[in-house]
Amino acid sequence: MASMFNNKQLVPAAPSALQQMTRGDRGTFLSSDDNVMMKQIVATHTPDGREVDVRPLLQIVEDILNRATLNVDTVATVKEGGLEAVEDRTRQTGFTIMIEALSYTIDRLSCEISCKSLGGSDAHTTTVSLFNHLSSYSWDAKVVLALAAFALTYGEFWLLAQIYPSNQLAKSMAILKQLPTVMEHSGTLKPRFDALNNLIRAMLDLTRCIVEFKELPSTYISQDVPALATALAHVPTAVYWTVRSLVACAAQIAGFTSTSHELYIGATAEAWELSSLAHKINNIHEHLKKQLAICYQHIEEKKSVDTYNTLIGLFDMIHIDNMKILKALIYAKDDIHPLVDGATKRRVNLDVLRRKSVLLLISGLDISHDELAILEQIYNESRVHPTRMDNQFELVWIPIVDRSIQWTDAMQRQFETVQSTMPWYSVYHPSLIDRSVIRFIREKWHFRNKPILVVMDGQGRVLCPNAIHMMWIWGSAAFPFTSTKEEALWKDETWRLELLVDGIDPKILEWIQQKKYIFVYGGDDIEWIRRFTRAARATATAEGIPLEMVYVGKSTKNDQVHRAISIIGGEQLSYCWHDLTMIWFFWTRIQSMLYSKIQQGRADENDPVTQEIKKLLCYDRDGGWAVLSRGSDVIANGHGSTMLPTISEYDVWKRNIPAMGFDGAFRDHYKKLQGEGQPCYRFDFPFSIGRIPEHMKCPECLRMMEKLFSFKCCHNDEGVTTTTGLIST
């Protein structure tokens with residue numbers, strides 16, 4: 001920004017543009033006379049290219065003016081806070097050198113201000129004289145140097161006012177400056193003191209804003225950006241009115257120490273003049289502040305793009321460990337500990353993850369209790385054998401929030417509640433996650449608000465962009481959670497009952513080992529459930545076979561499922577899961593099986609497992625359904641419209657049992673009825689899952705399914721959900 005602040009031809013502001021800045025306040029910004037004066041000021045601007053870092057000097061000036069700009073009623077109270085920071089700055093070698101180089105200019109300006117204030121010189125004339133002394137400096141340096149010169153006089157005045165009651169030297173000097181007299185009339189002068197304080201604060205605010213424009217990084221913003229071009233065109237005006245205002249303030253101080261108390265009766269008129277200048281300064285500041293905010297937004301966007309591209313590049317590089325990757329994703333600086341250890345609830349550094357396999361649990365704050373409960377169970381199981389190196393990994397929760405939404409106390413409480421339940425590591429606060437990282441997670445890892453589990457090895461390489469489905473299906477047995485491991489696990493899987501219920505209910509595993517006949521069934525039509533369970537028991541009794549049944553509900557409609565569970569238990573229709581988390585996990589695993597196949601690009605393969613999974617998900621949408629197995633071996637998987645008639649028509653097909661066996665006779669009759677009254681098959685994929693298949697075949701007839709878009713509202717806080725529906729033709 002340095003060349004822009006030194007460029008003389010860029011700075012004059014057109015009168016019309018300046019008038020537009022204030023619209024309803026035209027009389028307090030620029031008039032035609034003001035425009036003439038600004039041309040005179042710009043004519044004095046002949047920068048020699050010298051660069052002055054004015055920020056340290058401005059900090060000293062702020063400290064002086066903030067300590068001096070006191071309420072007259074508490075003038076003797078000295079502020080102690082912040083002294084250490086000022087002393088630290090003054091000890092810096094660079095600061096000392098800068099002060100030595102600028103002290104002559106500051107002293108000269110201070111003398112000029114004091115002399116002309118005492119001589120009653122015209123404010124504009126004094127201001128022009130100061131600009132002539134500052135002609136070789138950039139606009140930001142002009143205003144800070146002038147403010148520093150004023151701070152010498154103003155600071156001296158209030159320093160004496162603060163200490164003269166307790167210091168004899170100060171008291172003698174105060175008498176010469178008539179300070180005791182001024183303090184005696186402090187009540188009458190209060191409007192002028194208040195107006196003086198307000199104007200000085202306004203000048204400081206505007207000066208900080210001007211300096212901030214100078215400090216904008218040229219790497220990310222140039223004068224081609226309209227907001228910056230507009231602001232730079234008005235900087236000379238801002239500098240002029242700031243300097244002119246400090247001249248007015250100096251005149252007020254000179255008036256305090258050089259006039260008799262009879263003139264104090266004009267304090268209100270003097271206060272009005274200072275208030276008018278403060279109003280003008282505030283108007284200019286508001287305009288520049290808006291432009292500065294736009295500039296910062298532009299810079300943030302540019303930085304975000306650079307950070308995003310850097311992040312992409314990091315994942316293409318080879319690293320000796322995972323620290324660079326984790327710092328880029330979580331928190332790059334070393335000034336704080338960015339993680340919370342779930343076991344100890346203490347904050348820790350990223351080094352605890354060095355060279356370890358890391359699973360990044362990425363979710364919003366609304367991650368469900370069911371998801372956390374099952375994840376915790378799997379996580380704890382993986383810790384049962386701490387010496388086994390084949391299943392050791394660290395889990396880290398990365399909370400993602402929409403930065404466009406203001407962070408609230410309710411969100412903070414929700415975050416803390418979720419974080420407190422986690423036994424694994426978590427990011428200390430969502431604000432640590434950079435916007436570019438959120439963009440990367442959404443675009444590269446396809447995060448759409450549903451939890452995902454990104455697997456990284458000890459070198460920071462991504463082994464699997466989303467292992468959450470593997471985790472739900474196989475738990476820690478899927479370690480190291482790579483795509484290769486996922487493929488190997490599927491290669492060893494067959495369509496068997498353990499695949500559906502493994503890790504959920506030990507009782508069903510006992511039935512499987514005992515080679516019992518087992519009906520796993522679901523739906524929320526209680527009349528269908530009554531007819532189906534009674535028919536099944538009657539058939540088992542007639543045939544003399546051991547039969548068990550378990551109700552697993554539906555993937556949705558918890559209220560209806562809860563009602564069905566109550567009726568099934570009350571009427572002793574069958575065994576059922578009273579814990580809705582078990583039902584949630586059952587259906588989550590089934591859905592994860594399909595998503596896992598989709599992630600592998602094999603959702604349309606004609607293997608039995610994929611087709612049977614797809615059937616189950618379709619059955620869940622409409623009516624009842626049932627899976628019949630003998631031990632581990634699945635005999636039939638069908639919709640309620642087929643399974644109920646099959647079991648009810650036992651008298652029709654029982655004659656085939658001697659030749660075909662119960663299993664064969666049941667399966668044969670089921671296949672004869674299959675297709676009669678069969679509903680349309682349909683899949684709903686929420687956009688939140690990230691990856692939606694372009695095409696899918698019907699698991700029943702193998703025709704290509706029709707792809708539609710649908711919108712759903714459940715009349716709750718989740719609002720409208722957009723899904724992609726796939727319906728068979």
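Me: Is His 285 buried or exposed?

Reply: His 285 is buried, with a relative accessible area of 11%, where buried means under 20%, exposed means over 50% and partly exposed lies in between (1.4 Å probe, protein chains only). This is a predicted model, in which local features need pLDDT of at least 70 and side-chain atom pairs count only at pLDDT 80 or more, while totals for chains, interfaces and linings use all residues. Residues are numbered from 1 along each chain as its sequence is written, and side-chain values use heavy atoms, with hydrogens and water left out.

Me: Where is the place of His 285, and which residues is His 285 in contact with, leaving aside neighbours within four places in sequence?

Reply: His 285 belongs to helix H13, residues 267-315; helices (H or I, at least four residues) and strands (E, at least two) are DSSP runs numbered from the N terminus. Contact means heavy atoms within 4.5 Å, and beyond the neighbours within four places in sequence His 285 is in contact with Asp 205, Leu 206 and Cys 209.

Me: How many helices and strands does the chain have, and what share of its residues counts as buried?

Reply: The chain has 28 helices and 15 strands, and 52% of its 729 residues count as buried. Among contacts with a separation of 6 or more, 72% are between residues 24 or more positions apart.

Me: Which residues touch the most other members of the largest nonpolar core?

Reply: A nonpolar core is a set of buried Ala, Val, Leu, Ile, Met, Phe, Trp, Tyr and Cys residues joined through side-chain atoms within 4.5 Å. Here the largest one holds 100 residues, and Phe 481, Phe 519 and Phe 586 touch the most other members. Helix H24 (residues 580-599) supplies the largest share of this core, 10 residues. A second, separate core has 77 residues, including Ile 41, Leu 206, Trp 241 and Ala 278.

Me: In what order do the 5 strands of the open sheet stand?

Reply: Strands of a sheet pair through backbone hydrogen bonds, either parallel or antiparallel, and two strands are taken to pair if DSSP finds at least two bridges between them. The order in this open sheet is S10-S9-S8-S11-S12, and the pairing is mixed. Strand S10 (575-576) and strand S12 (633-639) are at the edges with a single partner strand each, so one side of each has no neighbour in the sheet. Strand S8 (residues 517-522) and strand S9 (residues 547-551) pair in the parallel sense over 5 bridges, and Tyr 517 has Leu 547 as its bridge partner in S9. Helix H28 (residues 657-673) packs on the sheet, where it touches S8, S11 and S12, and its direction makes about 25° with that of S12.

Me: Why is S8 described as largely enclosed?

Reply: Of the 6 residues of S8, 6 are buried, so the strand is largely enclosed by the rest of the structure. Tyr 517, Phe 519 and Tyr 521 point one way from S8, whereas Ile 518, Val 520 and Gly 522 point the other way, and all are buried. Leaving aside its neighbours within four places in sequence, Phe 519 is in contact with residues including Phe 532, Leu 547, Val 550, Leu 628 and Phe 666.

Me: At what angle do helix H4 and helix H8 cross?

Reply: Two packed helices are described by the angle between their axes and the distance between the axes. Axes are lines fitted to C-alpha atoms, for helices over the stretch in contact, and angles run from 0 to 180 degrees between N-to-C directions. The axes of helix H4 (residues 55-68) and helix H8 (residues 139-163) come within 9 Å and cross at roughly 35°. Among the residues that make the contact are Leu 58, Val 61 and Leu 65 of H4 and Leu 147, Ala 151 and Trp 158 of H8.

Me: Which residues have a positive phi although they are not glycine?

Reply: Two cases can be looked at in turn. Lys 345, with a phi of about 65°, is in the loop between strand S1 (339-340) and strand S2 (347-348), and is partly exposed with a relative accessible area of 43%. Gln 572, with a phi of about 55°, is in the loop between helix H23 (558-570) and S10, and is exposed with a relative accessible area of 68%.
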